[in-house]
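Have a look at it, then work through the questions below.

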Amino acid sequence: MDSVFNIWETNRLLFLKLVNELSFKQLNTIPDGYNNNIIWNIGHIITVQQALIYKSSGLDICLSEEVFNNYKPGSFPNKNISKENIMDLKLKLTSIIQLTKADYNTKMFSNFKPFKTNVGFNLSTIDAAFKFNNYHEAMHYGIVKSLSKLV
């Protein structure tokens with residue numbers, strides 16, 4: 001799992017670097033023809049990771065219900081994300097990694113419930129969920145890179 005965690009951490013650092021290079025306006029801009037923005041994608045990857053790993057293991061997540069609902073699959077940004085909320089998302093991008101790794105190492109996810117994702121992946125183990133999370137986040141990194149060229 002070390003390589004899975006290394007990929008996850010590297011990807012999150014790439015997201016953070018990109019977000020740090022953009023203005024408040026750029027992060028919140030929804031380009032013509034798109035239905036979300038860069039900062040929504042950041043909140044979304046954090047939310048999905050929490051759902052994939054923690055909720056699927058019957059554990060509490062580190063997000064409020066409001067934050068979870070704002071970024072869960074099927075949601076879309078309906079207003080600008082405040083500077084304070086952007087700072088919180090940026091902090092969570094990396095702080096969640098160490099917490100999740102520690103929880104993994106102490107076998108906190110032993111009650112993981114297998115499921116099929118909405119795109120058809122069968123996640124039968126917690127390790128599969130972590131690998132799928134990397135796939136999901138890499139896909140959104142490509143989206144964020146594309147959006148960054150349009151804002």
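Predicted model: local features only at pLDDT ≥ 70, side-chain atom pairs only at ≥ 80, totals over all residues.

Q: Are α3 and α6 roughly parallel or roughly antiparallel to each other?
A: The axes of α3 and α6 come within 10 Å and cross at roughly 175°. Anything over 145 degrees falls in the antiparallel class. So α3 and α6 are roughly antiparallel.

Q: How do the residues of the contact of α3 with α6 divide by class?
A: On the α3 side, the contact includes Ile38, Trp40, His44, Val48 and Leu52. Facing them, α6 brings in residues including Ile126, Phe130, His136, Ile143 and Leu147. Sorted by class, the contact of α3 with α6 comes to 13 nonpolar, seven polar and one charged.

Q: Is α1 roughly parallel or roughly antiparallel to α6?
A: Here α1 and α6 pack with their axes 10 Å apart, at an angle of about 20°. The cut-off for the parallel class is under 35 degrees. That makes α1, relative to α6, roughly parallel.

Q: Is the crossing of α1 and α6 left-handed or right-handed, and how many charged residues are in the contact?
A: As α1 passes α6, the crossing is left-handed. Among the residues that make the contact are Arg12 of α1, along with Lys131, Glu137 and Lys145 of α6. By class, the contact of α1 with α6 has eleven nonpolar residues and five polar ones, and the charged number four.

Q: What about α1 and α3: roughly parallel or roughly antiparallel?
A: For helix α1 (residues 2–20) and helix α3 (residues 38–54), the axes come within 11 Å and cross at roughly 155°. The crossing is left-handed. With an angle over 145 degrees, α1 and α3 are therefore roughly antiparallel.

Q: Which residues in α3 do Trp8, Arg12, Phe15 and Val19 in α1 meet?
A: By class, the contact of α1 with α3 has seven nonpolar residues, one polar and one charged. From α1 come Trp8, Arg12, Phe15 and Val19, and what they meet in α3 is Ile38, Ile42, Ile45, Ile46 and Gln49.

Q: Which residues are the closest to the centre of the largest pocket?
A: The largest pocket holds about 440 Å³ of space. Elements giving two or more residues to its lining are α3, β1 (115–116) and α6 (126–150). The lining has eleven nonpolar, eleven polar and two charged residues. Of the 24 lining residues, the closest to the centre are His44, Val48, Pro73, Asn118 and His136.

Q: Which element gives the most to the lining of the second largest pocket?
A: The second largest pocket has a volume of about 240 Å³. Its lining counts 16 residues, with Asn70, Tyr71, Lys79, Ile81 and Asn85 the closest to the centre. Both α4 (65–71) and α5 (83–105) supply at least two lining residues each. With four residues, the element that gives the most is α4.

Q: How many charged residues does the lining of the second largest pocket have?
A: Split by class, this lining has seven nonpolar residues and six polar ones. For the second largest pocket, the charged count is three.

Key. Residues numbered from 1 in each chain as written. Heavy atoms only, no water. Axes fitted to C-alpha atoms, helices over the stretch in contact; angles between N-to-C directions. Parallel < 35°, antiparallel > 145°, perpendicular 65-115°, else oblique. Left-handed = near helix turned anticlockwise from the far one by under 90°. Contact = heavy atoms within 4.5 Å. Nonpolar A, V, L, I, M, F, W, Y, C, P; charged D, E, K, R; others polar. 1 Å grid on protein atoms, 1.4 Å probe; cavity = no way out; pocket = protein on both sides within 12 Å on 5 of 7 lines; lining within 4 Å. Points joined across faces, edges and corners; volume = space filled by probe spheres on them.
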